Amino acid sequence: MKKTAIVTGASRGIGRACAMELSRHFDTIVINSLTHRDALEQTKAEIEKTGTECLAYTGDIGDYDFTVSMIEDVQNRCADIDLLVNNAGISYVGLLTDMTIQDWNRLVSTNLTSVFNCCRQVVPNMVSRKSGHIINISSMWGLSGASCEVAYSATKGGVNAFTKALAKELAPSGIRVNALACGAIDTQMNNCFTEEELKQFCEEIPACRLGQPEEIAQMVWQLYNSPAYLTGEIIKIDGGYL
């Protein structure tokens, strides 16, 4: 039976790495991005080179109506969704008192509401089949909080709580929900930091380096293949930082 995986925020960074890794194991990969349409199409082309079908959608999954439309189209074309990777996310670095309500709403919509939107659409089909896996890409800051990243930490803390609660709700139906609490990963999200700032931060990490997107992608695949009894977990992958 053909298998389908959805990866949100897949034009670059962790999302792109996840889509590429999963393309080796799934028949169809569905990718999404709000911006960077050219990069999304490039990812699509790279996936198709492997012989795997790829569907690409440009739009805001923080918008409920868009998400409904996207996933309905996927289900019409692919029927069942076996894996949902909620990866889409943005950051905000700065003092809370400098943050506008528009900044806050944008972070909550992209990082947390999008997780609800996607899960709300894929869960009914998974429940009817009593099969499926949801993996949320979270952050170590959702566990410990980060100074000058209050809103980001709050949204990732929300993702962690969402993961644990939904896992309990769906476990009787044979559906697993887990999250990866990522540490500092070498992606464009860190472009707001100077080279010197990143160097100093790496000195605080026991592994003495940033993680690579491909390492997160490998963990997503391993988590998907983990024992069925593993659900509701927030798994740290942070180079030993926390």
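In helix 6 the buried residues are Ala151, Tyr152, Ser153, Thr155, Lys156, Val159, Asn160, Thr163, Leu166, Ala167 and Leu170, where buried means under 20% relative accessible area, exposed over 50%, and partly exposed in between, with a 1.4 Å probe and protein chains only. Helices (H or I, at least four residues) and strands (E, at least two) are DSSP runs, numbered from the N terminus. This is a predicted model, in which local features need pLDDT of at least 70 and side-chain atom pairs count only at pLDDT 80 or more, while totals for chains, interfaces and linings use all residues. Residues are numbered from 1 along each chain as its sequence is written, and side-chain values use heavy atoms, with hydrogens and water left out.

**Helix 6 and its surroundings**

- Helix 6 spans residues 150–170, which makes 21 residues, and reaches 30 Å from its first C-alpha to its last. That is close to the 30 Å expected at 1.5 Å a residue, the expected span being 1.5 Å times one less than the number of residues.
- What do the buried residues of helix 6 pack against? Their partners are helix 4 (101–129), helix 5 (141–144), strand 5 (133–139), strand 6 (176–182) and strand 7 (234–237), with contact meaning heavy atoms within 4.5 Å.

**Helix 1 and its two partners**

- Helix 1 (residues 13–22) has 8 of its 10 residues buried, so it is largely enclosed by the rest of the structure. Those buried residues are Ile14, Gly15, Ala17, Cys18, Ala19, Met20, Glu21 and Leu22.
- Two packed helices are described by the angle between their axes and the distance between the axes. Here, axes are lines fitted to C-alpha atoms, for helices over the stretch in contact, and angles run from 0 to 180 degrees between N-to-C directions.
- Helix 1 packs on helix 8 (residues 213–224) at an angle of about 50°, with the axes 8 Å apart. This makes helix 1 oblique to helix 8; angles under 35 degrees count as roughly parallel, over 145 as roughly antiparallel, 65 to 115 as roughly perpendicular and the rest as oblique.
- The crossing of helix 1 and helix 8 is right-handed, a term used if the near helix is turned clockwise from the far one by less than a right angle, with left-handed used if anticlockwise.
- On the helix 1 side of this contact sit Gly13, Ile14, Ala17, Cys18, Glu21 and Leu22, and they meet Pro213, Glu214, Ile216, Ala217, Gln218, Val220 and Trp221 in helix 8. The residues of the contact of helix 1 with helix 8 divide into 9 nonpolar, 2 polar and 2 charged. Ala, Val, Leu, Ile, Met, Phe, Trp, Tyr, Cys and Pro count as nonpolar, Asp, Glu, Lys and Arg as charged, and the others, Gly among them, as polar.
- Helix 1 also packs with helix 2 (residues 37–49), at an angle of about 15° and with the axes 9 Å apart. That makes helix 1 roughly parallel to helix 2, and their crossing is right-handed.
- Arg16, Ala19 and Met20 in helix 1 meet Thr43, Glu46 and Ile47 in helix 2. The residues of this contact of helix 1 with helix 2 divide into 3 nonpolar, 1 polar and 2 charged.

**Helix 3 against helix 4**

- The axes of helix 3 (residues 64–78) and helix 4 come within 9 Å and cross at roughly 35°, in a right-handed crossing.
- Tyr64, Thr67, Val68, Ile71 and Gln75 in helix 3 meet Phe116, Asn117, Cys118, Arg120, Gln121, Val122 and Asn125 in helix 4. The residues of the contact of helix 3 with helix 4 divide into 6 nonpolar, 5 polar and 1 charged.

**Two buried residues to look up**

- Asn111 is found in helix 4 and is buried, with a relative accessible area of 1%.
- Leaving aside neighbours within four places in sequence, Asn111 is in contact with Ala88, Gly89, Ile90, Tyr152, Thr155 and Val159. The C-alpha atoms of Asn111 and Val159 are separated by 7.9 Å, with the two residues 48 apart along the chain.
- Met99 lies in the loop between strand 4 (83–86) and helix 4, and counts as buried at 15% relative accessibility.
- Not counting residues up to four places away in sequence, Met99 touches Tyr92, Trp104, Leu107 and Ala151.

**Positive phi outside glycine**

- Lys130, in the loop between helix 4 and strand 5, has a positive phi of about 55° although it is not a glycine. Lys130 counts as exposed, at 54% relative accessibility.
- Cys148, in the loop between helix 5 and helix 6, has a positive phi of about 70° although it is not a glycine. Cys148 is partly exposed, with a relative accessible area of 29%.
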